[in-house]
Amino acid sequence: MDYTYTAIFYLFAAITLVSGFFVVTNRNIIYSAFFLLFTFFGVAGIYVLLGADFVAIVQLIVYVGGILILLLFGVMLTNKITNVEIKTGTINVIPAILGVGFLSGTLIAALVVSDWKKNPVGAPQATTAMLGRLLIEEYVLIFELLGIILLIALIGAASIARRQKA
Amino acid sequence: MIEVGLNHFLVVSSLLFSMGIYAIVTRKNAILVLMGVELILNAANINFIAFSRFGNFGLQGHLMALFVIVLAAAEAAIALAIVLNIYKTLSTVNIDEVDNLRD
């Protein structure tokens with residue numbers, strides 16, 4: 001039982017990190033976008049392992065079904081379609097590797113060394129009903145604000161992207 | 001085998017965060033920079049949910065993760081609209097060539 005959990009965790013962590021590595025290093029933009037798909041799937045699996053079923057489903061619907069498609073449209077609309085090889089260059093690779101190595105080392109050291117207050121974890125429970133109650137009762141103001149933000153973002157994006165009559 | 005605990009998830013999210021930073025710093029194409037931002041937001045979400053499970057916060061971490069996902073959707077829509085406009089105006093989305101304001 002425990003071994004299964006551990007194995008599944010390492011599987012999803014490997015999927016996430018390996019495909020994330022390809023996202024940031026692959027020179028072909030389309031390949032990067034498709035590797036991003038696997039990264040999002042891996043993150044959704046990690047959410048499930050953490051007992052966040054609803055967030056995992058939302059991750060799949062919004063990220064894989066929405067944001068990734070949006071990014072792919074962006075790739076296709078900003079490159080010449082006749083050009084099969086959609087490549088992109090990189091800048092500042094050596095300083096970036098040094099800086100990112102230092103950053104990740106510091107982060108991991110700080111997070112692992114810290115003595116977090118731990119609570120005993122029980123079996124994960126279904127969260128959807130509780131999340132719905134929280135959203136409607138305690139966090140209703142933020143919920144409404146997010147709706148307004150989404151509306152404004154939609155109108156703004158449409159009016160920015162529309163071709164202006166100059 | 002060591003039992004999978006909070007630290008494992010924190011390490012995964014740290015590495016994901018670092019990769020997002022790497023993408024933002026090194027990539028020329030604006031859309032790949034956006035992908036780096038999405039990686040960073042996912043790393044933050046893993047942290048929120050991990051602390052929500054292993055800490056004593058109830059479901060508030062899940063709610064924060066949902067809010068982050070909503071804001072990421074709005075951000076991606078706006079940013080792609082801006083990138084499309086940049087492409088229409090300058091015929092490139094390489095952010096190191098978009099330096100008109102420097103002159």
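## The interface

In this predicted model, 62 residues of chain B are in contact with 69 residues of chain A. On chain B's side, the elements that give two or more residues are α1, α2 (30–54) and α3 (60–90). The largest share comes from α3(B), with 20 residues.

By class, the side of chain B that touches chain A has 44 nonpolar residues. Another 12 are polar and six are charged.

## A helix pair across the chains

Two packed helices are described by the angle between their axes and the distance between the axes. The crossing of the two helices is right-handed.

Which residues of α4(A) meet α1(B)? Among them are A:V93, A:V100, A:L103, A:L107 and A:L111. The residues they meet in α1(B) include B:L10, B:L15, B:F17, B:I21 and B:Y22. The contact of α4(A) with α1(B) has 15 nonpolar residues, five polar ones and no charged ones.

## Chain A as a whole

Chain A has six helices and zero strands. From the N terminus on, its elements run α-α-α-α-α-α.

The radius of gyration of chain A is 20 Å, while a compact globule of 166 residues would be near 15 Å. Its C-alpha atoms fill a box of roughly 60 × 45 × 30 Å along the principal axes. Buried residues make up 22% of chain A. Among contacts in chain A between residues at least 6 apart in sequence, 58% join residues at least 24 apart.

Technical notes:
Residues are numbered from 1 along each chain as its sequence is written. Chains are lettered from A and ligands numbered from 1 in the order in which they are written. This is a predicted model: local features need pLDDT of at least 70, side-chain atom pairs count only at pLDDT 80 or more; totals for chains, interfaces and linings use all residues. A crossing is left-handed if the near helix is turned anticlockwise from the far one by less than a right angle, and right-handed if clockwise. Helices (H or I, at least four residues) and strands (E, at least two) are DSSP runs, numbered from the N terminus. Two residues are in contact if their C-beta atoms, placed from the backbone, lie within 7 Å. Ala, Val, Leu, Ile, Met, Phe, Trp, Tyr, Cys and Pro count as nonpolar, Asp, Glu, Lys and Arg as charged, and the others, Gly among them, as polar. The radius of gyration is taken over C-alpha atoms; the globule rule is 2.2 Å times the number of residues to the power 0.38. A residue is buried if 20 or more other C-beta atoms lie within 10 Å of its own, exposed if 12 or fewer, and partly exposed in between; C-beta atoms are placed from the backbone.
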